[in-house]
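Work through the two exercises below with the model open. Try each task before reading its solution.

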Amino acid sequence: MLVPPAAEIEPSVQRQRTQCTVLVVDQERDCTHIERAFDDESVVVETAPTLAVARTSFDEIDCLVVPTAVADGDSDEHVGWLETVRTDTPELPIVVLADEVTPTLMRAIRAYEWTAVIDRNGPRTRLAARIIDLLERHRLTHLSRRSLASVELAGDAIAIVDPAESIQFASRSFRLQFGADGDDLTGTPWRELFTADAVSYLESAALPTVAEGWRWTGTCTARRRTGATVPVRVRLGGLEDGSLVFVVSEADASGPEHDD
């Protein structure tokens, strides 16, 4: 069965603040530079005289900007202060402004999620773009987590297959459908979940339909982790990045093996 693609539905997520707040550990030069960078953005730039004072505001801000001169006394050999900050707020986006972006500093920063390093002498537009990009990725990641949580609550047997054709996410119902425990299915090629005939059928009938932007529904034979086979009803759709979404439910065993 061919199903026309549904209109994209944006989950309704209300942010706590209508504007993003960027807190700069105060260096007059940096604060002025950043404020000018966001002249045309819905971003509020605030300052704190020290990192210790800034820590009292972490629950009220969207991003922290810290010059290396404030944090480490101009040394890029370590960013030990990040360890303390990350203990308090592991997912707060943090931008480190560096006089020189060295390999040593880059390696140190990469060890911390949601942390970026920017050349403080770079163009204002680049600084603004980097901060906005970090904030947007942070927002989308949290939105994705909420979406996956809603999938679990819905109870549907859903799996997301990445562009490399391996399972990236499987709901609890999906794992139970295939007799898998915990994260056993993560990284498993989707073809291992179906018989050879079913794989051939999905490759010839379902995948081309999805590639054209449609959703596909049909019946084929799944293979559980025990090796047992079972007829299933499959709904298959695609995402913009080339990922696939499988929704699987048990089918009538007396029906035809292939039905679309």
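The exercises cover a strand pair and a set of aromatic rings.

This is a predicted model: local features need pLDDT of at least 70, side-chain atom pairs count only at pLDDT 80 or more, and totals for chains, interfaces and linings use all residues. Residues are numbered from 1 along each chain as its sequence is written, and side-chain values use heavy atoms, with hydrogens and water left out.

**Exercise 1.** Find how strand E5 is joined to E6, and how the chain crosses from E5 to E6.

Solution. 
- Step 1: Locate E5 at residues 94-98 and E6 at residues 115-119. Strands (E, at least two residues) and helices (H or I, at least four) are DSSP runs, numbered from the N terminus.
- Step 2: Check the pairing. Strands pair if DSSP finds at least two bridges between them; here 5 bridges join E5 to E6, and the strands run parallel.
- Step 3: The chain goes from E5 through helix H5 (residues 103-110) to E6, a right-handed β-α-β crossover. Right-handed means that, with the strands pointing away from the viewer, the path from the first strand over the helix to the second runs clockwise.

**Exercise 2.** Classify the aromatic pair of tyrosine 201 and tryptophan 216.

Solution. 
- Step 1: Apply the cut-offs. Rings of Phe, Tyr and Trp (its six-membered ring) pair if their centres lie within 6.5 Å; planes under 30 degrees apart count as stacked, over 60 as edge-to-face and the rest as tilted.
- Step 2: Read the geometry. The centres are 5.7 Å apart, with 70 degrees between the planes, so the pair is edge-to-face.
- Step 3: Place the residues. Tyrosine 201 is in helix H8 and tryptophan 216 in strand E9, 15 residues apart.

Key: Buried < 20%, exposed > 50% of the residue type's maximum accessible area, 1.4 Å probe, protein only.
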